[in-house]
2 protein chains.
Amino acid sequence: MASSTAKREAEAPQAPAGGYRKGAETRLRILTAALHEFGMAGAAGATTRKIAQEAGVSLPALTYYFGGKEGLYLACAREIVREYQAHMLAMLADVQISIAEGASPDAARTSLKAVIGALVDLQIARQQSDVWMSFVLREISEQGPAFGLLFEQLWSPGADLIVDLISRITGAPPRSTQPRLQALLLVSSLTAFSLARPISLKYLGWPRLGRAGVAEIKAALDQQIDQIAAGSGAGSALPE
Amino acid sequence: MASSTAKREAEAPQAPAGGYRKGAETRLRILTAALHEFGMAGAAGATTRKIAQEAGVSLPALTYYFGGKEGLYLACAREIVREYQAHMLAMLADVQISIAEGASPDAARTSLKAVIGALVDLQIARQQSDVWMSFVLREISEQGPAFGLLFEQLWSPGADLIVDLISRITGAPPRSTQPRLQALLLVSSLTAFSLARPISLKYLGWPRLGRAGVAEIKAALDQQIDQIAAGSGAGSALPE
DNA sequence: TTGAATTCATATCGATCGATAGACATTATG
DNA sequence: CATAATGTCTATCGATCGATATGAATTCAA
(Lines give C-alpha, C1' and ligand atoms only; values in the text may rest on other atoms or scores of the structure.)
Protein backbone atom coordinates (compact mmCIF):
# COMPACT_ATOMS: atom_id res chain seq x y z
CA MET A 1 0.00 0.00 0.00
CA ALA A 2 2.29 2.73 -1.22
CA SER A 3 1.36 6.32 -1.86
CA SER A 4 -1.28 6.95 -4.47
CA THR A 5 -2.80 9.94 -6.12
CA ALA A 6 -6.15 10.57 -4.50
CA LYS A 7 -8.66 12.33 -6.69
CA ARG A 8 -10.96 13.65 -4.00
CA GLU A 9 -9.09 13.19 -0.76
CA ALA A 10 -6.09 15.02 -2.12
CA GLU A 11 -8.09 18.16 -2.66
CA ALA A 12 -10.43 17.91 0.31
CA PRO A 13 -8.97 15.58 2.95
CA GLN A 14 -11.82 16.01 5.41
CA ALA A 15 -15.09 16.80 3.67
CA PRO A 16 -16.13 16.92 0.02
CA ALA A 17 -16.51 20.52 -1.02
CA GLY A 18 -19.44 20.88 -3.39
CA GLY A 19 -20.99 17.43 -3.03
CA TYR A 20 -24.62 16.42 -3.36
CA ARG A 21 -26.49 15.00 -0.43
CA LYS A 22 -26.65 11.48 -1.81
CA GLY A 23 -22.90 11.51 -2.31
CA ALA A 24 -22.26 12.16 1.36
CA GLU A 25 -24.49 9.23 2.31
CA THR A 26 -22.69 6.87 -0.02
CA ARG A 27 -19.37 8.11 1.26
CA LEU A 28 -20.43 7.31 4.80
CA ARG A 29 -21.63 3.83 3.86
CA ILE A 30 -18.26 3.11 2.28
CA LEU A 31 -16.42 4.46 5.30
CA THR A 32 -18.47 2.32 7.68
CA ALA A 33 -17.89 -0.82 5.65
CA ALA A 34 -14.19 -0.04 5.38
CA LEU A 35 -13.85 0.44 9.13
CA HIS A 36 -15.45 -2.93 9.64
CA GLU A 37 -13.32 -4.74 7.07
CA PHE A 38 -10.03 -3.07 7.95
CA GLY A 39 -10.70 -3.68 11.61
CA MET A 40 -11.53 -7.34 11.11
CA ALA A 41 -8.97 -8.33 8.51
CA GLY A 42 -6.29 -5.68 8.72
CA ALA A 43 -4.94 -3.44 6.00
CA ALA A 44 -3.50 -6.34 4.03
CA GLY A 45 -6.33 -8.77 4.58
CA ALA A 46 -9.18 -6.44 3.68
CA THR A 47 -10.12 -6.25 0.01
CA THR A 48 -11.64 -3.31 -1.79
CA ARG A 49 -14.15 -5.62 -3.45
CA LYS A 50 -15.51 -6.85 -0.14
CA ILE A 51 -15.75 -3.32 1.20
CA ALA A 52 -17.61 -2.21 -1.91
CA GLN A 53 -20.00 -5.15 -1.66
CA GLU A 54 -20.63 -4.53 2.03
CA ALA A 55 -21.33 -0.87 1.29
CA GLY A 56 -23.61 -1.78 -1.59
CA VAL A 57 -21.62 0.10 -4.18
CA SER A 58 -19.38 -0.88 -7.04
CA LEU A 59 -15.63 -0.86 -6.94
CA PRO A 60 -14.82 2.47 -8.61
CA ALA A 61 -16.90 4.28 -6.02
CA LEU A 62 -14.08 3.74 -3.53
CA THR A 63 -11.59 5.31 -5.88
CA TYR A 64 -13.97 8.17 -6.59
CA TYR A 65 -14.44 9.10 -2.95
CA PHE A 66 -11.14 8.16 -1.38
CA GLY A 67 -8.64 7.92 -4.20
CA GLY A 68 -7.82 4.29 -3.53
CA LYS A 69 -7.30 1.72 -0.83
CA GLU A 70 -4.72 3.69 1.10
CA GLY A 71 -6.76 6.88 1.03
CA LEU A 72 -9.71 4.93 2.37
CA TYR A 73 -7.53 3.47 5.09
CA LEU A 74 -6.35 6.89 6.18
CA ALA A 75 -9.90 8.20 6.10
CA CYS A 76 -10.83 5.39 8.49
CA ALA A 77 -8.08 6.46 10.87
CA ARG A 78 -9.32 10.05 10.75
CA GLU A 79 -12.87 8.87 11.40
CA ILE A 80 -11.80 6.89 14.44
CA VAL A 81 -9.98 9.90 15.81
CA ARG A 82 -13.08 12.00 15.21
CA GLU A 83 -15.36 9.60 17.08
CA TYR A 84 -12.85 9.13 19.86
CA GLN A 85 -12.56 12.85 20.40
CA ALA A 86 -16.33 13.25 20.30
CA HIS A 87 -16.63 10.64 23.03
CA MET A 88 -13.68 11.57 25.24
CA LEU A 89 -12.75 15.18 24.64
CA ALA A 90 -15.27 16.78 26.96
CA MET A 91 -14.24 14.53 29.82
CA LEU A 92 -10.56 14.96 29.13
CA ALA A 93 -10.94 18.72 29.14
CA ASP A 94 -12.76 18.66 32.48
CA VAL A 95 -10.10 16.51 34.09
CA GLN A 96 -7.36 18.61 32.54
CA ILE A 97 -8.79 21.68 34.21
CA SER A 98 -9.11 20.00 37.58
CA ILE A 99 -5.47 18.95 37.26
CA ALA A 100 -4.37 22.47 36.48
CA GLU A 101 -6.29 23.74 39.49
CA GLY A 102 -4.34 21.41 41.72
CA ALA A 103 -6.76 18.62 42.52
CA SER A 104 -6.15 16.48 45.59
CA PRO A 105 -4.77 12.93 45.24
CA ASP A 106 -8.18 11.53 46.12
CA ALA A 107 -9.88 13.71 43.53
CA ALA A 108 -7.28 12.63 40.98
CA ARG A 109 -8.01 9.03 41.85
CA THR A 110 -11.71 9.55 41.22
CA SER A 111 -10.94 11.26 37.93
CA LEU A 112 -8.65 8.44 36.86
CA LYS A 113 -11.38 5.91 37.55
CA ALA A 114 -13.76 7.98 35.45
CA VAL A 115 -11.29 8.21 32.55
CA ILE A 116 -10.51 4.51 32.58
CA GLY A 117 -14.19 3.71 32.90
CA ALA A 118 -14.93 5.84 29.86
CA LEU A 119 -12.22 3.99 27.95
CA VAL A 120 -13.79 0.69 28.91
CA ASP A 121 -17.17 1.94 27.79
CA LEU A 122 -15.71 3.19 24.55
CA GLN A 123 -14.14 -0.17 23.82
CA ILE A 124 -16.88 -2.43 24.98
CA ALA A 125 -20.25 -0.82 25.34
CA ARG A 126 -20.60 0.52 21.81
CA GLN A 127 -21.27 -1.94 19.10
CA GLN A 128 -18.50 -1.26 16.61
CA SER A 129 -15.82 -0.08 18.98
CA ASP A 130 -14.02 -3.38 19.21
CA VAL A 131 -13.46 -3.15 15.49
CA TRP A 132 -11.97 0.29 15.98
CA MET A 133 -9.67 -0.97 18.69
CA SER A 134 -8.48 -3.72 16.40
CA PHE A 135 -7.80 -1.10 13.75
CA VAL A 136 -5.88 1.12 16.14
CA LEU A 137 -3.83 -1.63 17.76
CA ARG A 138 -2.92 -3.15 14.44
CA GLU A 139 -1.84 0.17 13.05
CA ILE A 140 0.20 0.87 16.16
CA SER A 141 2.00 -2.45 16.07
CA GLU A 142 2.62 -2.34 12.34
CA GLN A 143 3.52 1.34 12.29
CA GLY A 144 1.53 1.86 9.12
CA PRO A 145 0.72 5.11 7.36
CA ALA A 146 -1.67 6.31 10.07
CA PHE A 147 0.69 5.73 13.00
CA GLY A 148 1.63 9.36 13.44
CA LEU A 149 -1.95 10.56 13.34
CA LEU A 150 -3.12 8.04 15.89
CA PHE A 151 -0.18 8.73 18.17
CA GLU A 152 -0.67 12.47 18.21
CA GLN A 153 -4.45 12.75 18.11
CA LEU A 154 -5.57 9.67 19.98
CA TRP A 155 -2.84 8.23 22.17
CA SER A 156 -0.86 11.19 23.41
CA PRO A 157 -3.69 13.35 24.78
CA GLY A 158 -5.18 10.54 26.84
CA ALA A 159 -1.85 9.16 27.95
CA ASP A 160 -0.52 12.54 29.06
CA LEU A 161 -3.61 13.06 31.12
CA ILE A 162 -3.40 9.64 32.73
CA VAL A 163 0.23 10.18 33.60
CA ASP A 164 -0.59 13.50 35.21
CA LEU A 165 -3.35 11.89 37.22
CA ILE A 166 -1.10 9.09 38.41
CA SER A 167 1.61 11.55 39.32
CA ARG A 168 -0.91 13.50 41.34
CA ILE A 169 -2.11 10.33 43.04
CA THR A 170 1.27 8.94 43.97
CA GLY A 171 3.15 12.18 44.34
CA ALA A 172 5.75 11.08 41.83
CA PRO A 173 7.53 13.74 39.76
CA PRO A 174 5.16 14.71 36.93
CA ARG A 175 5.72 12.86 33.65
CA SER A 176 8.68 10.99 35.04
CA THR A 177 9.41 7.42 34.03
CA GLN A 178 7.64 5.71 36.91
CA PRO A 179 4.14 7.15 36.41
CA ARG A 180 4.61 6.80 32.67
CA LEU A 181 5.26 3.09 33.07
CA GLN A 182 2.32 2.74 35.41
CA ALA A 183 0.10 4.49 32.88
CA LEU A 184 1.34 2.26 30.08
CA LEU A 185 0.66 -0.89 32.08
CA LEU A 186 -2.76 0.34 33.13
CA VAL A 187 -3.95 1.34 29.69
CA SER A 188 -2.48 -1.63 27.88
CA SER A 189 -4.19 -4.00 30.29
CA LEU A 190 -7.40 -2.98 28.55
CA THR A 191 -6.25 -4.98 25.53
CA ALA A 192 -7.45 -8.02 27.43
CA PHE A 193 -10.98 -7.05 26.44
CA SER A 194 -10.40 -5.52 23.05
CA LEU A 195 -7.68 -7.33 21.15
CA ALA A 196 -7.64 -10.46 23.28
CA ARG A 197 -11.35 -10.49 23.99
CA PRO A 198 -11.99 -13.92 22.47
CA ILE A 199 -9.37 -15.60 24.61
CA SER A 200 -10.32 -13.61 27.71
CA LEU A 201 -13.98 -14.50 27.46
CA LYS A 202 -13.15 -18.13 26.82
CA TYR A 203 -10.88 -18.11 29.83
CA LEU A 204 -13.44 -16.50 32.12
CA GLY A 205 -16.11 -18.84 30.82
CA TRP A 206 -18.25 -15.87 29.79
CA PRO A 207 -20.29 -16.44 26.64
CA ARG A 208 -20.28 -12.73 25.81
CA LEU A 209 -19.53 -9.37 27.36
CA GLY A 210 -22.69 -8.03 28.93
CA ARG A 211 -23.42 -5.25 31.38
CA ALA A 212 -22.54 -7.42 34.37
CA GLY A 213 -19.18 -8.33 32.87
CA VAL A 214 -18.34 -4.71 32.13
CA ALA A 215 -19.18 -3.82 35.71
CA GLU A 216 -16.87 -6.50 37.03
CA ILE A 217 -14.07 -5.35 34.76
CA LYS A 218 -14.49 -1.78 35.90
CA ALA A 219 -14.45 -2.93 39.50
CA ALA A 220 -11.19 -4.79 38.95
CA LEU A 221 -9.66 -1.73 37.31
CA ASP A 222 -10.90 0.53 40.11
CA GLN A 223 -9.31 -1.80 42.59
CA GLN A 224 -6.07 -1.64 40.68
CA ILE A 225 -6.19 2.15 40.74
CA ASP A 226 -6.81 2.08 44.46
CA GLN A 227 -3.77 -0.11 44.81
CA ILE A 228 -1.66 2.40 42.92
CA ALA A 229 -2.74 4.98 45.46
CA ALA A 230 -2.18 2.63 48.38
CA GLY A 231 1.23 1.59 47.12
CA SER A 232 2.43 5.16 47.16
CA GLY A 233 1.42 5.76 50.74
CA ALA A 234 -0.55 8.83 49.67
CA GLY A 235 -4.27 9.42 49.81
CA SER A 236 -6.76 7.66 52.04
CA ALA A 237 -6.08 4.34 50.33
CA LEU A 238 -8.26 1.51 51.52
CA PRO A 239 -10.72 1.50 54.42
CA GLU A 240 -8.88 -1.19 56.33
CA MET B 1 -6.55 -19.68 3.76
CA ALA B 2 -8.87 -22.67 3.72
CA SER B 3 -7.92 -26.24 4.37
CA SER B 4 -5.41 -27.77 2.02
CA THR B 5 -3.92 -31.18 1.46
CA ALA B 6 -0.48 -31.18 3.02
CA LYS B 7 1.95 -33.59 1.48
CA ARG B 8 4.41 -33.91 4.31
CA GLU B 9 2.73 -32.33 7.29
CA ALA B 10 -0.31 -34.50 6.84
CA GLU B 11 1.71 -37.63 7.37
CA ALA B 12 4.18 -36.37 9.95
CA PRO B 13 2.83 -33.27 11.66
CA GLN B 14 5.80 -32.76 13.93
CA ALA B 15 9.01 -34.10 12.40
CA PRO B 16 9.82 -35.55 9.00
CA ALA B 17 10.18 -39.29 9.28
CA GLY B 18 12.98 -40.53 7.06
CA GLY B 19 14.50 -37.23 6.01
CA TYR B 20 18.08 -36.42 5.19
CA ARG B 21 20.07 -34.04 7.35
CA LYS B 22 20.12 -31.30 4.72
CA GLY B 23 16.37 -31.49 4.47
CA ALA B 24 15.92 -30.74 8.14
CA GLU B 25 18.17 -27.70 7.86
CA THR B 26 16.21 -26.31 4.93
CA ARG B 27 12.98 -26.97 6.74
CA LEU B 28 14.22 -24.98 9.70
CA ARG B 29 15.34 -22.08 7.52
CA ILE B 30 11.89 -21.93 5.95
CA LEU B 31 10.23 -22.10 9.36
CA THR B 32 12.38 -19.28 10.72
CA ALA B 33 11.67 -17.06 7.74
CA ALA B 34 7.97 -17.84 7.96
CA LEU B 35 7.84 -16.96 11.65
CA HIS B 36 9.44 -13.64 10.83
CA GLU B 37 7.14 -12.84 7.92
CA PHE B 38 3.92 -14.06 9.52
CA GLY B 39 4.79 -12.19 12.69
CA MET B 40 5.59 -8.97 10.88
CA ALA B 41 2.85 -8.92 8.22
CA GLY B 42 0.22 -11.31 9.53
CA ALA B 43 -1.26 -14.35 7.87
CA ALA B 44 -2.84 -12.33 5.07
CA GLY B 45 0.00 -9.89 4.55
CA ALA B 46 2.81 -12.42 4.39
CA THR B 47 3.56 -13.91 0.98
CA THR B 48 5.03 -17.29 0.26
CA ARG B 49 7.39 -15.75 -2.25
CA LYS B 50 8.94 -13.45 0.33
CA ILE B 51 9.27 -16.28 2.81
CA ALA B 52 10.99 -18.42 0.20
CA GLN B 53 13.34 -15.61 -0.74
CA GLU B 54 14.17 -14.89 2.90
CA ALA B 55 14.87 -18.57 3.47
CA GLY B 56 17.02 -18.77 0.35
CA VAL B 57 14.90 -21.43 -1.33
CA SER B 58 12.51 -21.50 -4.23
CA LEU B 59 8.78 -21.41 -3.91
CA PRO B 60 7.86 -25.08 -4.23
CA ALA B 61 10.10 -25.92 -1.30
CA LEU B 62 7.42 -24.54 1.00
CA THR B 63 4.82 -26.83 -0.48
CA TYR B 64 7.20 -29.76 -0.28
CA TYR B 65 7.86 -29.35 3.43
CA PHE B 66 4.64 -27.88 4.74
CA GLY B 67 1.99 -28.62 2.16
CA GLY B 68 1.16 -24.99 1.55
CA LYS B 69 0.78 -21.63 3.20
CA GLU B 70 -1.69 -22.75 5.83
CA GLY B 71 0.37 -25.78 6.76
CA LEU B 72 3.37 -23.51 7.16
CA TYR B 73 1.34 -21.16 9.31
CA LEU B 74 0.25 -23.96 11.60
CA ALA B 75 3.81 -25.25 11.79
CA CYS B 76 4.84 -21.79 12.98
CA ALA B 77 2.25 -21.92 15.73
CA ARG B 78 3.54 -25.33 16.82
CA GLU B 79 7.09 -24.03 16.79
CA ILE B 80 6.19 -21.08 18.99
CA VAL B 81 4.48 -23.42 21.44
CA ARG B 82 7.59 -25.61 21.43
CA GLU B 83 9.94 -22.72 22.18
CA TYR B 84 7.60 -21.30 24.78
CA GLN B 85 7.40 -24.58 26.60
CA ALA B 86 11.15 -25.04 26.40
CA HIS B 87 11.60 -21.64 28.02
CA MET B 88 8.84 -21.71 30.59
CA LEU B 89 7.90 -25.27 31.36
CA ALA B 90 10.60 -26.00 33.92
CA MET B 91 9.74 -22.86 35.87
CA LEU B 92 6.02 -23.48 35.62
CA ALA B 93 6.46 -27.01 36.93
CA ASP B 94 8.49 -25.79 39.90
CA VAL B 95 5.92 -23.19 40.82
CA GLN B 96 3.11 -25.67 40.30
CA ILE B 97 4.70 -27.96 42.84
CA SER B 98 5.19 -25.20 45.37
CA ILE B 99 1.54 -24.29 44.95
CA ALA B 100 0.45 -27.86 45.52
CA GLU B 101 2.57 -27.99 48.66
CA GLY B 102 0.74 -24.99 50.04
CA ALA B 103 3.19 -22.14 49.66
CA SER B 104 2.75 -19.03 51.78
CA PRO B 105 1.31 -15.82 50.29
CA ASP B 106 4.77 -14.25 50.39
CA ALA B 107 6.29 -17.22 48.63
CA ALA B 108 3.52 -17.09 46.05
CA ARG B 109 4.26 -13.42 45.53
CA THR B 110 7.92 -14.17 44.89
CA SER B 111 6.95 -16.94 42.48
CA LEU B 112 4.56 -14.63 40.62
CA LYS B 113 7.30 -12.06 40.19
CA ALA B 114 9.55 -14.77 38.82
CA VAL B 115 6.91 -15.98 36.35
CA ILE B 116 6.07 -12.48 35.12
CA GLY B 117 9.76 -11.67 34.89
CA ALA B 118 10.31 -14.74 32.78
CA LEU B 119 7.47 -13.67 30.51
CA VAL B 120 9.06 -10.26 30.14
CA ASP B 121 12.37 -11.88 29.32
CA LEU B 122 10.71 -14.15 26.82
CA GLN B 123 9.05 -11.25 25.08
CA ILE B 124 11.82 -8.74 25.19
CA ALA B 125 15.23 -10.12 25.89
CA ARG B 126 15.37 -12.61 23.06
CA GLN B 127 15.81 -11.26 19.60
CA GLN B 128 12.91 -12.78 17.71
CA SER B 129 10.40 -13.02 20.50
CA ASP B 130 8.57 -9.83 19.67
CA VAL B 131 7.79 -11.34 16.30
CA TRP B 132 6.38 -14.37 18.08
CA MET B 133 4.23 -12.22 20.30
CA SER B 134 2.87 -10.44 17.27
CA PHE B 135 2.06 -13.81 15.76
CA VAL B 136 0.33 -15.04 18.88
CA LEU B 137 -1.67 -11.87 19.55
CA ARG B 138 -2.78 -11.61 15.96
CA GLU B 139 -3.92 -15.19 15.92
CA ILE B 140 -5.75 -14.72 19.20
CA SER B 141 -7.59 -11.65 18.03
CA GLU B 142 -8.44 -13.05 14.63
CA GLN B 143 -9.29 -16.50 15.95
CA GLY B 144 -7.49 -18.13 13.04
CA PRO B 145 -6.76 -21.82 12.51
CA ALA B 146 -4.20 -22.00 15.33
CA PHE B 147 -6.37 -20.39 17.99
CA GLY B 148 -7.26 -23.59 19.75
CA LEU B 149 -3.67 -24.81 19.85
CA LEU B 150 -2.37 -21.55 21.28
CA PHE B 151 -5.14 -21.37 23.84
CA GLU B 152 -4.61 -24.85 25.16
CA GLN B 153 -0.86 -25.21 24.92
CA LEU B 154 0.35 -21.68 25.52
CA TRP B 155 -2.23 -19.53 27.23
CA SER B 156 -4.09 -21.84 29.57
CA PRO B 157 -1.15 -23.42 31.40
CA GLY B 158 0.44 -20.09 32.25
CA ALA B 159 -2.83 -18.35 33.03
CA ASP B 160 -4.04 -21.11 35.34
CA LEU B 161 -0.79 -20.92 37.22
CA ILE B 162 -0.92 -17.15 37.56
CA VAL B 163 -4.51 -17.29 38.80
CA ASP B 164 -3.53 -19.85 41.41
CA LEU B 165 -0.65 -17.67 42.54
CA ILE B 166 -2.85 -14.59 42.81
CA SER B 167 -5.48 -16.54 44.71
CA ARG B 168 -2.80 -17.69 47.10
CA ILE B 169 -1.51 -14.14 47.50
CA THR B 170 -4.85 -12.47 48.10
CA GLY B 171 -6.66 -15.34 49.72
CA ALA B 172 -9.45 -15.17 47.14
CA PRO B 173 -11.31 -18.38 46.28
CA PRO B 174 -9.11 -20.31 43.84
CA ARG B 175 -9.92 -19.75 40.17
CA SER B 176 -12.82 -17.46 40.99
CA THR B 177 -13.67 -14.46 38.84
CA GLN B 178 -11.73 -11.88 40.78
CA PRO B 179 -8.25 -13.42 40.59
CA ARG B 180 -8.97 -14.42 37.01
CA LEU B 181 -9.64 -10.80 36.12
CA GLN B 182 -6.55 -9.68 37.98
CA ALA B 183 -4.49 -12.24 36.09
CA LEU B 184 -5.94 -11.12 32.77
CA LEU B 185 -5.16 -7.49 33.47
CA LEU B 186 -1.66 -8.30 34.65
CA VAL B 187 -0.71 -10.48 31.72
CA SER B 188 -2.32 -8.32 29.08
CA SER B 189 -0.50 -5.26 30.37
CA LEU B 190 2.61 -6.88 28.92
CA THR B 191 1.26 -6.06 25.46
CA ALA B 192 2.53 -2.54 26.08
CA PHE B 193 6.00 -3.85 25.28
CA SER B 194 5.22 -6.47 22.70
CA LEU B 195 2.35 -5.41 20.46
CA ALA B 196 2.40 -1.74 21.35
CA ARG B 197 6.16 -1.50 21.74
CA PRO B 198 6.65 1.19 19.08
CA ILE B 199 4.17 3.55 20.67
CA SER B 200 5.34 2.75 24.19
CA LEU B 201 8.96 3.45 23.40
CA LYS B 202 8.05 6.63 21.59
CA TYR B 203 5.97 7.71 24.54
CA LEU B 204 8.70 6.97 27.06
CA GLY B 205 11.27 8.65 24.87
CA TRP B 206 13.38 5.50 24.81
CA PRO B 207 15.18 4.89 21.51
CA ARG B 208 15.16 1.14 22.05
CA LEU B 209 14.55 -1.45 24.73
CA GLY B 210 17.84 -2.20 26.45
CA ARG B 211 18.76 -3.94 29.67
CA ALA B 212 18.06 -0.86 31.75
CA GLY B 213 14.59 -0.48 30.28
CA VAL B 214 13.76 -4.13 30.90
CA ALA B 215 14.85 -3.71 34.50
CA GLU B 216 12.58 -0.71 34.95
CA ILE B 217 9.66 -2.55 33.41
CA LYS B 218 10.20 -5.49 35.73
CA ALA B 219 10.39 -3.13 38.69
CA ALA B 220 7.08 -1.55 37.72
CA LEU B 221 5.48 -4.98 37.38
CA ASP B 222 6.93 -6.12 40.71
CA GLN B 223 5.48 -3.03 42.31
CA GLN B 224 2.11 -3.83 40.80
CA ILE B 225 2.29 -7.35 42.19
CA ASP B 226 3.18 -5.98 45.60
CA GLN B 227 0.14 -3.77 45.35
CA ILE B 228 -2.06 -6.76 44.61
CA ALA B 229 -0.79 -8.28 47.83
CA ALA B 230 -1.16 -5.04 49.76
CA GLY B 231 -4.66 -4.43 48.45
CA SER B 232 -5.82 -7.76 49.81
CA GLY B 233 -4.52 -7.04 53.28
CA ALA B 234 -2.62 -10.31 53.25
CA GLY B 235 1.12 -10.89 53.40
CA SER B 236 3.73 -8.49 54.66
CA ALA B 237 2.91 -5.99 51.89
CA LEU B 238 5.14 -2.92 51.83
CA PRO B 239 7.78 -1.93 54.36
CA GLU B 240 6.08 1.31 55.34
C1' DT C 1 -36.59 23.04 -17.96
C1' DT C 2 -32.04 22.92 -19.22
C1' DG C 3 -27.31 21.91 -18.73
C1' DA C 4 -23.24 21.49 -16.11
C1' DA C 5 -21.59 19.13 -12.07
C1' DT C 6 -21.63 15.10 -9.62
C1' DT C 7 -22.26 10.14 -8.93
C1' DC C 8 -21.01 5.50 -9.74
C1' DA C 9 -21.69 1.03 -12.83
C1' DT C 10 -19.68 -2.08 -16.69
C1' DA C 11 -15.84 -3.97 -18.35
C1' DT C 12 -11.18 -4.70 -18.35
C1' DC C 13 -6.00 -4.18 -17.51
C1' DG C 14 -1.63 -5.48 -15.46
C1' DA C 15 0.42 -7.21 -11.25
C1' DT C 16 0.74 -10.51 -7.84
C1' DC C 17 -0.91 -14.19 -5.25
C1' DG C 18 -0.70 -19.51 -3.95
C1' DA C 19 -0.20 -23.78 -6.07
C1' DT C 20 1.57 -27.33 -9.12
C1' DA C 21 3.63 -30.07 -13.15
C1' DG C 22 7.62 -31.93 -14.44
C1' DA C 23 12.54 -32.25 -14.83
C1' DC C 24 16.97 -32.21 -12.59
C1' DA C 25 20.23 -32.60 -8.54
C1' DT C 26 21.62 -34.55 -4.31
C1' DT C 27 21.98 -38.00 -0.76
C1' DA C 28 22.17 -42.32 1.53
C1' DT C 29 22.34 -47.29 1.06
C1' DG C 30 23.34 -51.94 -1.00
C1' DC D 1 29.04 -47.92 -8.39
C1' DA D 2 24.10 -48.43 -8.82
C1' DT D 3 19.70 -47.45 -7.36
C1' DA D 4 16.04 -45.57 -4.91
C1' DA D 5 14.71 -41.98 -1.91
C1' DT D 6 14.89 -37.40 -1.04
C1' DG D 7 15.49 -32.61 -2.11
C1' DT D 8 15.10 -28.53 -5.22
C1' DC D 9 14.62 -25.93 -9.35
C1' DT D 10 12.28 -23.55 -13.75
C1' DA D 11 8.17 -22.51 -15.77
C1' DT D 12 3.55 -21.78 -15.68
C1' DC D 13 -1.48 -22.04 -14.32
C1' DG D 14 -5.82 -19.98 -12.64
C1' DA D 15 -7.59 -16.83 -9.21
C1' DT D 16 -7.77 -12.53 -7.22
C1' DC D 17 -6.00 -8.22 -6.22
C1' DG D 18 -6.16 -2.78 -6.86
C1' DA D 19 -6.83 0.46 -10.32
C1' DT D 20 -8.91 2.79 -14.28
C1' DA D 21 -10.94 4.06 -19.02
C1' DT D 22 -15.34 5.04 -20.50
C1' DG D 23 -19.76 6.62 -20.32
C1' DA D 24 -24.61 6.51 -18.63
C1' DA D 25 -27.51 8.01 -14.87
C1' DT D 26 -28.57 11.31 -11.34
C1' DT D 27 -28.70 15.74 -8.99
C1' DC D 28 -29.34 20.49 -8.39
C1' DA D 29 -28.88 25.41 -9.53
C1' DA D 30 -30.25 28.78 -13.00
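A: A residue is called buried if 20 or more other C-beta atoms lie within 10 Å of its own, exposed if 12 or fewer, and partly exposed in between. The model shown here is predicted. A:D130 has 19 other C-beta atoms within 10 Å and is therefore partly exposed.

Q: Where is A:D130 found, and which residues does A:D130 touch beyond four places away in sequence?

A: A:D130 belongs to helix 6 of chain A. Leaving aside residues up to four places away in sequence, A:D130 touches A:Q123, A:S194 and A:R197. The pair A:D130 and A:S194 shows how sequence and space can be read together: 64 residues separate them in sequence, while their C-alpha atoms are 5.7 Å apart.

Q: How is the fold of chain A summarised?

A: Chain A contains ten helices and zero strands, giving the pattern α-α-α-α-α-α-α-α-α-α along the sequence. Of its 240 residues, 41% count as buried. If contacts between residues at least 6 apart in sequence are taken, 68% of those in chain A join residues at least 24 apart.

Q: At what angle do helix 2 and helix 3 of chain A cross?

A: A helix pair is read from the distance between the axes and the angle at which they cross. For helix 2 and helix 3 of chain A, the axes come within 8 Å and the crossing angle is roughly 95°. Angles of 65 to 115 degrees count as roughly perpendicular, and the two helices are therefore roughly perpendicular to each other. In their contact, A:T48, A:R49, A:I51 and A:A52 of helix 2 meet A:L59, A:A61 and A:L62 of helix 3. By class, the residues of this contact are five nonpolar, one polar and one charged.

Q: Where does the kink in helix 7 of chain A lie, and which residue follows this helix?

A: A kink is read as an angle between axes fitted on either side of a residue. In helix 7 of chain A, residues 147-170, a kink of about 45° lies at A:W155, shortly before the proline A:P157. After helix 7 comes A:G171, with a positive phi near 80°.

Q: Which value does phi take at A:Q143, and is A:Q143 buried or partly exposed?

A: Phi of A:Q143 is near 50°, a positive value in a residue other than glycine. A:Q143 sits in the loop between helix 6 (129-142) and helix 7 of chain A. With 14 C-beta neighbours inside 10 Å, A:Q143 counts as partly exposed. In chain B, phi of B:Q143 is likewise positive and near 50°, and B:Q143 lies in the loop between helix 6 and helix 7 of that chain. B:Q143 has 13 C-beta neighbours inside 10 Å and so counts as partly exposed.

Q: How do helix 1 of chain A and helix 1 of chain B pack?

A: Their axes are 7 Å apart, at an angle of about 105°. The two helices are therefore roughly perpendicular. A:A41, A:G42, A:A44 and A:G45 meet B:A41, B:G42, B:A44 and B:G45.

Q: Which residues come nearest to each DNA strand?

A: Of the 26 residues around DNA strand C, the nearest are A:G19, A:G23, A:T26, A:S58 and B:G68. Helix 3 of chain A gives the most to the surface near DNA strand C, with four residues. That surface has ten nonpolar, ten polar and six charged residues. DNA strand D is surrounded by 26 residues, of which A:G68, B:G19, B:G23, B:S58 and B:P60 are the closest. The surface near DNA strand D has ten nonpolar, ten polar and six charged residues.

How values were computed:
Residues numbered from 1 in each chain as written. Chains lettered and ligands numbered in written order. Predicted model: local features only at pLDDT ≥ 70, side-chain atom pairs only at ≥ 80, totals over all residues. Near = placed C-beta within 6 Å. Nonpolar A, V, L, I, M, F, W, Y, C, P; charged D, E, K, R; others polar. Contact = placed C-beta atoms within 7 Å. Axes fitted to C-alpha atoms, helices over the stretch in contact; angles between N-to-C directions. Parallel < 35°, antiparallel > 145°, perpendicular 65-115°, else oblique. Bend = angle between axes of the 7 residues up to and from the residue.
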